[in-house]
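Here is a short briefing on one structure. Look at the sequence and the model first, then read the points grouped by topic.

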Amino acid sequence: MLALQETIRPSADLRNHYNEISKQCREDNEAVIITVNGRGDTVSLAYEEYKRMKARIELLEMLAEAENDVKNGKVAPVSETFNDLRKILQEDSI
């Protein structure tokens, strides 16, 4: 996984150079941190990068929940789990 590059720009740039910031996010795959009075305020990302980041976070949350279930003994036999998955997939294909 590649690290997302970051650039810091003042809020006036968002107003005065929006197209440049948008291009920086989309084409250069950068996160642009917008500052107000020298402090971080918001972050601008390309929409595709936002969707990828959101999907990774959701996956990590599911994995953490699953890890917690295992620690607390909330597990089922593998055969039962696969049977449940097959049933769900068959229902979705109908």
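Strand 1 and strand 2 run parallel and are joined by 6 bridges. Strands pair if DSSP finds at least two bridges between them, and helices (H or I, at least four residues) and strands (E, at least two) are DSSP runs numbered from the N terminus. This is a predicted model, in which local features need pLDDT of at least 70 and side-chain atom pairs count only at pLDDT 80 or more, while totals for chains, interfaces and linings use all residues. Residues are numbered from 1 along each chain as its sequence is written, and side-chain values use heavy atoms, with hydrogens and water left out.

**The sheet**

- Glu6 has Ala31 in strand 2 as its bridge partner.
- The sheet is open, has 3 strands in the order 1-2-3, and its pairing is mixed.
- Strand 1 and strand 3 are at the edges with a single partner strand each, so one side of each has no neighbour in the sheet.
- From one strand to the next, the twist averages 30°.
- Helix 2 packs on the sheet and touches strand 1, strand 2 and strand 3. The direction of helix 2 makes about 140° with that of strand 2; axes are lines fitted to C-alpha atoms, for helices over the stretch in contact, and angles run from 0 to 180 degrees between N-to-C directions.

**The two sides of helix 2**

- Ile21, Ser22, Gln24 and Cys25 of helix 2 are buried (buried means under 20% relative accessible area, exposed over 50%, partly exposed in between, with a 1.4 Å probe and protein chains only).
- These residues lie on the same side of helix 2, because they cover an arc of only 160° around the axis; the arc is that of the directions from the helix axis to the C-beta atoms.
- Asn19, Arg26 and Glu27 are exposed on the other side of helix 2.
- The buried residues of helix 2 pack against strand 1, helix 1 (11-16), strand 2 (30-36) and strand 3 (39-44). Contact means heavy atoms within 4.5 Å.
- Asn29 follows helix 2 and has a positive phi, near 50°.

**The nonpolar core**

- The largest nonpolar core has 5 residues: Ile21, Cys25, Val32, Ile34 and Ala46. Such a core is a set of buried Ala, Val, Leu, Ile, Met, Phe, Trp, Tyr and Cys residues joined through side-chain atoms within 4.5 Å.
- At least two residues of this core come from helix 2, and at least two from strand 2.
- Beyond its neighbours within four places in sequence, Val32 is in contact with Thr7, Arg9, Ile21, Gln24, Cys25, Thr42, Val43 and Ser44.

**Salt bridges**

- There are 6 salt bridges in the structure, each a side-chain nitrogen of Lys or Arg within 4 Å of a carboxyl oxygen of Asp or Glu.
- Asp13 and Arg9 form a salt bridge through their side chains (3.1 Å, N to O), and both residues are buried.
- Another salt bridge links the side chains of Arg9 and Glu20 (3.0 Å, N to O). Arg9 lies in strand 1 (residues 5-10) and Glu20 in helix 2 (residues 18-27), so this pair ties together parts 11 residues apart in sequence.
- Arg9 has a relative accessible area of 9%, whereas Glu20 is partly exposed at 44%.
- Lys23 forms a salt bridge with Glu27, with 3.9 Å between the closest N and O atoms. Lys23 and Glu27 are 4 residues apart in helix 2, which means about one helical turn separates them.
- Lys23 is partly exposed, with a relative accessible area of 44%, and Glu27 is exposed, with 53%.
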